[in-house]
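This report is meant for a reader who is meeting the structure for the first time. Please keep the sequence and the 3D view open while reading.

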Amino acid sequence: MRFALIGGIYSNWRALETALSDIARRHVDAAFCLGDLGAFGPCPDRVFPLLQQAGVLCLQGNYDNALAGGLADCQCGYTDPRDNYFARLSYDYTFRNTSPAHKVWLGTLPTSQRLDVNGKRVLLCHGSPRKINEFLWESTTPDGFLAFLLADAGADVLCVTHTGIKWHRDLGDGRHVVNVGALGRPENDGTPRVWYTLLTIGDTVDVEFVPVDYDHDALAADMRAARLPGEFIETILSGWWTTCLEVLPQKERARGRF
Amino acid sequence: MTNAARVELRHLDNLWVQVSGTYCNIECHHCFNNSGPRATTFGHMTLDAVTDAIEAASAQGVREIYFTGGEPFLNTHLLDMIANSLAVAPTTVLTNGMLISDRIADALEELSTAARYSLEIRVSLDGYTEEMNDAIRGAGVFRLAVAGAVRLARRNLLPIMTIVRTWDDADELATLGEFARVLTDAGCARPRIKVLPALPLGRELTRISGLRRDECVTDAMLDGFDRDLLMCSNSRLVTDRGVWACPLLVEQRDARLGTTLGDAVSSYELRHQTCVTCWRYGTICGNVSARIEGPDTVSAPEAR
């Protein structure tokens, strides 16, 4: 069986639209969104009909949880004043511009999804199986810890998002962990493209990361019209993260420009 | 009798290793474990002992390993310990930065580049000027610590600069902004700053007053509280004299839980003032704090 896994949409409706068109051509058995529909981008209400019309099964991310619960912030846990400033701008904008009905809908989403595919126990969630806002970065998530998480959760294949940067770890014993990446913003690699993931489970588990080249210039124009910060627009255009840098580990931070 | 709550070790997420004991080349006024050049409470760990601890923690699925002291770079086997640690988990060294020569920085760069996992170097300072910092940490410390940090930054090993909050809340943003500017001007590009609360421990106890020494964390305080924010729910500290519940409680005898990691899995009673600090601020010792209480940290940004 083949699944399309998307995550971290961050209100980037243009990238979502392009990705969904691509997914439709690939004849997948199901498409899942692992959460964080809003944040960062413009016009947050636009992503909801796209997901619903495409039949994407959505899970709740920390941002969705915060919006649905009327929380004070996005629960990313920043302490750096600069990161907090931009996180607050983003959250306040998204909160103001997400309709009450969509907030209610976000509150109804499950936080995880289990699948049994060819004898493989697959677990989909946002951050980690134990916490919705736990960051699983490639460089700070060792194999032994992943083996513990999988055993603890009773899973053979774990798929998450939350960090915004994709990776795949084959533990060599038939077990796999995949961070499916994010559609909402580039992954701090100096290009404007974004990513989603195709997961194929047959006799083997195959993971394919799919680049999404979308009209990022048009999104930047949307963001300017919405009066979102220039720093966010810069990231969309350049591919380099300019905010939310505090939580990046050394390797992921050092690869970026800022 | 005490009404302190007990906390179980849910999982060993974080292994702390006191590689240099309490030996340190400086003697800070607020040091939480009274480290210094003549502090012999704890001694250097051997490479074998550290290797054993890393292997035991790895078998339990450890998530991160932290090397601390004293000053870790006083242990002559530190680079080998880092290499062993990085083979199984992301690794952080907490240092005053003064001993990071070009040779050491080259070696760290090599280790970092070769590793799959992140190597983090956390350099401690206590002010953004020589005057502020050296009043607490000793004469000449600021200059050497910043020089060490710059050597790392020039190799794209971006150090996390930690600073204990010793200023008034109203000065928070100006202080952090100035700190970042000074570091950048010195050649420490892209400064990463972590603010720590002052801990009511060690020499700091003699600097502060008005402390309620009978205060502890009670069951009522943990009702609805996320216990994952408490170090003792996810961490253990290995020393040359056994295993402790928490790196901050290393001077408390009741916090010694066993000889090896395997026998230090019992729950721990939160009877110390420091436990209240951890409850209040949340996982202050990790690289990314889950929650730091302080003044409003939402501010207009400084230019990058």
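This is a predicted model: local features need pLDDT of at least 70, side-chain atom pairs count only at pLDDT 80 or more; totals for chains, interfaces and linings use all residues.

## Confidence in the model

Taken as a whole, chain B averages a pLDDT of 88, and 88% of its residues score at least 70. The scores for the model are an ipTM of 0.95 and a pTM of 0.94.

## Overall form of chain A

Chain A contains nine helices and ten strands. Its radius of gyration is 17 Å, close to the 18 Å that the globule rule gives for 258 residues, so chain A is as compact as a globular protein of that length. Along the principal axes, its C-alpha trace spans about 50 × 40 × 35 Å.

Of the 258 residues in chain A, 55% are buried. Among the contacts in chain A between residues at least 6 apart in sequence, 68% join residues that are at least 24 apart.

## An enclosed helix in chain A

Helix 3 of chain A, residues 62–69, is largely enclosed by the rest of the structure, because six of its eight residues are buried. These buried residues are Asn62(A), Tyr63(A), Asp64(A), Asn65(A), Ala66(A) and Leu67(A), and what covers them includes helix 4 (81–97) and helix 5 (100–108) of chain A. Helix 3 is followed by Gly70(A), which has a positive phi near 65°.

Strand 4 (residues 112–117) and strand 5 (residues 120–125) of chain A pair in the antiparallel sense over six bridges, and Asp116(A) has Arg121(A) in strand 5 as its bridge partner. Two residues lie between the strands of this hairpin, in which Asn118(A) takes a positive phi near 50°.

Ala39(A) is found in the loop between strand 2 (30–33) and helix 2 (47–53) of chain A, and it counts as buried because it has 28 C-beta neighbours inside 10 Å. His162(A) lies in the loop between strand 6 (157–160) and strand 7 (167–170) of chain A, and with 28 C-beta neighbours inside 10 Å His162(A) counts as buried.

## Loops of chain B

Is His44(B) buried or exposed? His44(B), which lies in the loop between strand 2 (14–18) and helix 1 (47–59) of chain B, is buried, with 21 other C-beta atoms within 10 Å. Leaving aside residues up to four places away in sequence, His44(B) touches Ser20(B), Gly21(B), Tyr23(B), Asn75(B) and Asp240(B). His44(B) and His77(B), 33 residues apart in sequence, are 9.8 Å apart in space from C-alpha to C-alpha.

The loop between strand 3 (64–68) and helix 2 (78–86) of chain B holds Gly70(B), and the peptide bond from Gly69(B) to Gly70(B) is cis, with omega near 15°.

## Where the chains meet

In the model, 33 residues of chain B are in contact with 22 residues of chain A. Strand 5 (119–125), helix 6 (172–186) and strand 7 (192–196) of chain B each supply at least two residues of the side that touches chain A. By class, that side of chain B has 18 nonpolar, eight polar and seven charged residues.

Conventions. Residues are numbered from 1 along each chain as its sequence is written. Chains are lettered from A and ligands numbered from 1 in the order in which they are written. A residue is buried if 20 or more other C-beta atoms lie within 10 Å of its own, exposed if 12 or fewer, and partly exposed in between; C-beta atoms are placed from the backbone. Helices (H or I, at least four residues) and strands (E, at least two) are DSSP runs, numbered from the N terminus. Two residues are in contact if their C-beta atoms, placed from the backbone, lie within 7 Å. The radius of gyration is taken over C-alpha atoms; the globule rule is 2.2 Å times the number of residues to the power 0.38. pLDDT is the predictor's confidence in each residue, from 0 to 100. Ala, Val, Leu, Ile, Met, Phe, Trp, Tyr, Cys and Pro count as nonpolar, Asp, Glu, Lys and Arg as charged, and the others, Gly among them, as polar. Two strands pair if DSSP finds at least two bridges between them.
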